[in-house]
Amino acid sequence: MSIARHVAVVERLCGSDLPEEGADPDRGAALARCGPGWRAAELLGGGCSEGDPGLAAEAAAEYEYEREALAQRLSARWGEPQRVGLWGALIRAGEAGEEIPEPWGWLCEDLTEVHLWWADDRWLALGVSRHGHEPPHALLAVVTTEDPP
């Protein structure tokens, strides 16, 4: 998928109404998840490279490249992103039993960090899902009204 198409999906996410209660899936998007006050879209996914370290490294580099290229384009509109690590929230949830509000609870289980912008009236997070130590699974964009943890 081209960066221009990623930008279009992100702009649609940022301009869409967010569900007030429960899930309100947008069947027209490659939607990963949604819930009250947030939506997530998978911008790039698939391409399993299990068992081949060379292919896994290549896939990781591709996802990171796509994220950085998209972040550059988004920065032209919303300024430089904050880079926010999510390990702290994951540790607080696990060790202290703190409840991390969604979508941050889900994201901290899947992403080590996000690029974060305040996009008009909501947060926009962009990150590469790693599903533990496996090869990258998805480039995700999430919009939410919930403040980051």
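This is a predicted model: local features need pLDDT of at least 70, side-chain atom pairs count only at pLDDT 80 or more; totals for chains, interfaces and linings use all residues.
**Entry 1: overall picture**

I started with the contacts: among those between residues at least 6 apart in sequence, 60% join residues at least 24 apart, where contact means heavy atoms within 4.5 Å. Residues are numbered from 1 along each chain as its sequence is written, and side-chain values use heavy atoms, with hydrogens and water left out.

Next I looked up the secondary structure and found 4 helices and 6 strands, in the order α-β-β-α-β-α-α-β-β-β along the sequence. These are DSSP runs numbered from the N terminus, with at least four residues for helices (H or I) and at least two for strands (E).

Of the 149 residues, 46% are buried. I used under 20% relative accessible area for buried, over 50% for exposed and partly exposed in between, with a 1.4 Å probe and protein chains only. The protein exposes about 7,900 Å², and carbon and sulfur atoms supply 48% of that; the areas come from the Shrake-Rupley method with a 1.4 Å probe, and for residues only the protein chains shown count as cover.

**Entry 2: the cores**

I then turned to nonpolar cores, meaning sets of buried Ala, Val, Leu, Ile, Met, Phe, Trp, Tyr and Cys residues joined through side-chain atoms within 4.5 Å. The largest has 24 residues, and Val10, Leu43, Leu70, Leu74, Trp78, Leu124 and Leu126 touch the most other members. Helices α1 and α2 (53–78) and strands β2 (38–45), β4 (113–119), β5 (122–129) and β6 (138–144) each supply at least two residues of this core. A second, separate core has 18 residues, including Ala40, Ile100, Leu111 and Val114.

How many residues of β5 are buried? I counted 8 of 8. Arg122, Leu124, Leu126 and Val128 lie on one side, and Trp123, Ala125, Gly127 and Ser129 on the other.

For pairing, DSSP must find at least two bridges between two strands. β4 and β5 run antiparallel with 5 bridges, and Trp117 has Leu124 as its bridge partner in β5. The hairpin they form has 2 residues between the strands, and Asp120 in the turn has a positive phi of about 65 degrees. On to β6: 7 bridges join it to β5, again antiparallel, and Gly127 stands opposite Leu140.

**Entry 3: rings and single residues**

I checked for aromatic pairs, where ring centres of Phe, Tyr and Trp (its six-membered ring) lie within 6.5 Å; planes under 30 degrees apart count as stacked, over 60 as edge-to-face and the rest as tilted. There are 2 such pairs. Trp118 and Trp123 have ring centres 5.0 Å apart and planes at 75 degrees, so I logged them as edge-to-face. Trp118 is partly exposed at 44%, while Trp123 is buried at 13%.

His6 sits in helix α1 (residues 3–15) and is buried, at 0% relative accessibility. A polar contact of 3.0 Å joins its side chain to that of Glu66; the term means N or O atoms within 3.5 Å, one able to donate a hydrogen and the other to accept it within protein, with residues adjacent in sequence counted only if both atoms are side-chain atoms.

Last, I looked at Cys108 in helix α4 (residues 104–110), which is buried at 5%. Not counting residues up to four places away in sequence, Cys108 touches Leu86, Ala89 and Leu90.
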